[in-house]
Amino acid sequence: MGPSLDLSLISSWLMLCAKQGPKAGVGLATVVISFVFSTYYNVLMAWALFYFFNSFGATLPWKSCNNTWNNVGNCSTGFTGNNTHLQSASQQFFDLKLLEKTDGIEEAGGLRWEIFGYLIIAWVFVYLCIFKGVKSTGKVVYFTAVFPYFILFALLINNVQLPGAKKGILYFLTPVWSKLFEVKVWVNAAAQVFNSLGIAFGSMISMSSYNKFNNNIIRDALIVTFANSFTSLLAGFVIFSAIGYMAHIHHLPVENISTGGPGLVFVVYPEVLSTMPVYQLWAPLFFFMLLCLGLDSQFATVEVAVTFIKDEFGHKLMGFLKREELLTLAVCIICFLLGLPHVTQGGIYVFQLMDHYTAVVSLVFLAFFEVVAVCWLFGVPRLSLMIKRMRGRSANIYFRMCWLLLCPMLVLCILTSSIIQYTPAHYGKYKYPVWAEWVGWGVSLVSIIWVPLGAIHELYRNKGSLLQRLKTAMTPTVDLDADDPLPEKQNLDNPASEALFTSVA
């Protein structure tokens with residue numbers, strides 16, 4: 001979509017579907033959800049920096065209960081198993097040292113100044129990666145995307161030699177068939193795939209708009225999806241081989257060790273690292289790998305917001321800011337300021353609430369509307385014609401069936417099931433008050449609301465009866481019968497793309 005129309009995110013949406021309405025709503029919703037995601041995701045990088053710099057000591061600070069922040073009365077140097085009144089040393093390091101966690105979202109507490117400083121450093125990294133646009137981003141991603149594989153393979157080679165690793169890997173590979181009937185599993189799986197691939201965030205569209213017109217996008221799509229699945233499996237082997245080792249040395253079942261959410265990365269695995277041979281090497285490498293992975297995700301979503309602002313308001317803002325680097329800086333500063341509630345002592349509750357309603361609830365809604373806009377409103381025949389013009393031949397029957405039926409119906413089933421079996425957000429055993437749930441839904445609506453607003457605006461601006469307005473709104477207007485197939489993207493100000501956009505508007 002991006003390379004075919006020679007435009008980036010919002011402009012591609014503006015040209016793909018109807019004249020100005022539902023598709024504009026979906027495009028704008030994609031930008032908004034990417035922006036909201038950017039405001040809190042970088043907090044994970046701040047936490048990773050905190051662990052990274054704390055892993056260079058003679059002993060790892062989350063290894064023992066003899067520290068000033070530990071609650072010695074209920075601290076355990078290993079995993080607690082069924083002793084619910086005990087906490088592991090790594091859990092107390094995360095809760096009492098890193099977060100200085102309060103009892104709930106009602107108690108915000110003060111700023112964690114150390115994490116505040118690391119958040120500034122994290123945003124400096126992001127800015128340096130994207131301030132020159134795709135030129136700087138492309139150079140950075142060569143390292144940040146490739147280096148984690150070296151660490152993952154090194155950790156895997158080390159982990160499989162540890163006692164109990166086989167038990168953890170078997171736990172990872174053995175299916176629990178009853179889980180397939182739980183909607184939450186499918187919703188979380190969909191959210192994981194959406195997050196790892198950047199689906200519904202717009203980063204794929206925004207980045208691909210810089211490709212050549214005749215780039216083999218079918219090949220790229222297959223490479224990205226298979227690489228993503230391979231990486232997930234590789235990471236699973238690395239994580240669960242280490243968890244099996246921990247279960248072995250603490251004489252516990254694997255399920256008593258495994259956990260989800262931030263706890264897996266910042267509680268369980270640090271505990272594993274502290275028991276490994278040569279932990280002084282593995283701990284810094286692991287958290288540096290997390291920084292690389294987080295940086296990739298973060299600058300891609302920030303780039304969506306920056307690209308949208310440049311495309312839609314660039315001519316006005318450049319008269320004021322003069323340089324595009326200052327626009328990127330302004331976006332980073334705004335995201336940083338909006339992320340400050342997450343680095344308070346009660347910030348983990350805000351973070352979990354935002355993540356649940358942005359990266360799960362909103363994302364599934366938005367993915368469905370995107371699929372409908374592209375596959376049903378714009379239409380599979382037009383998509384196939386785009387592919388034919390770009391590659392010389394149409395997409396095969398598999399892709400056409402996915403676009404026409406499989407993708408829309410799968411996302412619709414997940415969306416419907418998640419609504420029927422909705423479960424409120426929670427953090428561990430903590431349940432959010434009603435007002436916090438309403439705030440969470442408000443966060444979701446910040447992005448979702450643009451879809452119905454765009455549709456209403458389109459119906460209002462069209463003429464005729466309600467049925468005629470609806471038909472006009474759902475009729476694509478991109479002229480794919482034109483002789484000029486836009487041979488190659490040169491830049492976002494390409495005269496051909498400008499003429500095509502003008503003809504649609």
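How many salt bridges does a search of the whole structure find? The search finds seven salt bridges, a salt bridge being a side-chain nitrogen of Lys or Arg within 4 Å of a carboxyl oxygen of Asp or Glu. The model is predicted, so that local features need pLDDT of at least 70 and side-chain atom pairs count only at pLDDT 80 or more, while totals for chains, interfaces and linings use all residues. Residues are numbered from 1 along each chain as its sequence is written, and side-chain values use heavy atoms, with hydrogens and water left out.

The protein averages a pLDDT of 81, and 87% of the residues score at least 70, where pLDDT is the predictor's confidence in each residue, from 0 to 100. Where pLDDT is low, the predicted coordinates should not be read in detail.

One of the salt bridges joins Arg 112 and Glu 100, with the closest N and O atoms 3.6 Å apart. Arg 112 is buried at a relative accessible area of 7%, whereas Glu 100 is partly exposed at 32%; buried means under 20% relative accessible area, exposed over 50%, and partly exposed in between (1.4 Å probe, protein chains only). Another salt bridge, 3.5 Å from N to O, is formed by the side chains of Glu 325 and Arg 323. Glu 325 counts as buried, with 15% relative accessibility, and Arg 323 as partly exposed, with 49%.

Glu 271, by contrast, is buried yet has no salt bridge, and the nearest side chain of opposite charge, Lys 63, is 9.0 Å away.

Terms used:
Lys, Arg positive; Asp, Glu negative; His and termini not counted.
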